Amino acid sequence: MPSEPPERSGSAGNRNRHVSRRAVLGGLAAVGSLAVAGCGSIPGLGGRRPVWRRDIDGAYMAGPPATTDELVLVGMQDKALYGLRREDGSTAVRFETGGPIETRPVTPSSGGPYHVHSTDGDLYAVDAAGDELWRDEGTARRARLVRTDSLVAELDFAPPENTLTGYDPQTGDRRFDRAVSSHFLNGVTDDSLVVPVPVGGSDSRVVSLSPADGSVRWRTEPRRWYSNVVADSRLVVAARDGTLAAYEPSDGSARWRVPIGDVGWAMVLGSQAYLIRRGDGRQELLAFDRETGEKRWANPTGYQIRAVEATDDAVFVGTRVDDPDGGVLGQIDCFGLDGTRRWQTVTGLPSVDSLGVTDSRVVAVWDRGFEVLARDTGASRWSYEPESASRLSFRVESASVFVSYVDDGEAARFPLD
């Protein structure tokens, strides 16, 4: 069962050989490790035991977790959605669907309803008591979901085209269906859905849709290859045909345009707009002023940027670098808003595929382990890899890391501090 892994691109030579941890930690691991129901950790980094770990009987695979104020929601291979109590992992909700659940549920912070896509192709809404609220038949085994206060949006990957469908969260009424030229939903806010829409050939246009009925609020002229679109309540940014363009969210008026060349497709909005520069060697992260589009700085990182997490005062970048002892390792760089590198840490992980940042910690994640670092210095605090070598999916919060064991059908909660 997939765990929504990030896009992976091939590399030559020893960069394709994953290592489970640095050779310098191998001796420490051989000495022994803490274990709780199959939990393994690196003693040299001060292992942590989970607050709880729950094995779901009859479910040998698990999907990515979602959380509310009271529950951890995770879909399982036994065709059921489980709502586990945050405090002890006991079952509060169990709801059966028509197939295994491979993607992450979506939910408000409290009260429900919970929404989940099953491999039977259907989208389900489940109330707080665990009963079916509504169900809509679909076509795709896998789909992405996003949730706002007033909308559930599902991106269906069934051929011949990707389809974005909007629903009323409470009633399940279909508000719209729209063909889109994207595999991501990075332009969804409470006020609008900003997506690239195909117009023929390799051309597409950026379109802002109303969450209420899917009507077009504004659209751009067609351009070649909108590789990505990101938006928040204050700005829409799109990379198109060698240009980075920003738009006013309310009416689509152009704010600025800057030439960028072939720098890559991944973008992140924070206090600045960030873009990845791709190349044959080390990659760079570029920062642009949100108001003017002026390029503020460009900093080198590792040879393959895998994750970017922006905060109000910094940006954190996860990359892959060569291990002198062979294989590859995950590296994290922390940059201030002025481009100053605050710290750089090479982790014991073979990759950093996603990052979670709290007020005091940075959680570096790959699909079979995670490492916790101090936010202000980058110092490693502790690390975890399951002895079963199961793939993992994560939800990082301020005081906890919630983990689903993809290949074991289990879930756990770890204390972050």
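Predicted model: local features only at pLDDT ≥ 70, side-chain atom pairs only at ≥ 80, totals over all residues.
Residues are numbered from 1 along each chain as its sequence is written, and local features need pLDDT of at least 70, side-chain atom pairs pLDDT 80 or more, while totals for chains, interfaces and linings use all residues. Side-chain values use heavy atoms, without hydrogens and water.

**Figure 1. The protein chain has 1 helix and 35 strands.** Both are DSSP runs (helices: H or I, at least four residues; strands: E, at least two), numbered from the N terminus. Of the 417 residues, 55% are buried (under 20% relative accessible area, 1.4 Å probe, protein chains only).

**Figure 2. T97 sits in the loop between β5 (91–96) and β6 (114–117).** T97 is buried, at 10% relative accessible area. A polar atom of its side chain lies 2.8 Å from the backbone oxygen of G99.

**Figure 3. The largest nonpolar core holds 16 residues.** Such a core is a set of buried Ala, Val, Leu, Ile, Met, Phe, Trp, Tyr and Cys residues joined through side-chain atoms within 4.5 Å. V237, L244, I260, M267 and F288 touch the most other members. Strands supplying at least two residues each include β18 (236–240) and β23 (284–288).

Key:
Buried < 20%, exposed > 50% of the residue type's maximum accessible area, 1.4 Å probe, protein only. Polar contact = N/O pair within 3.5 Å; in protein donor to acceptor, adjacent residues only side chain to side chain.
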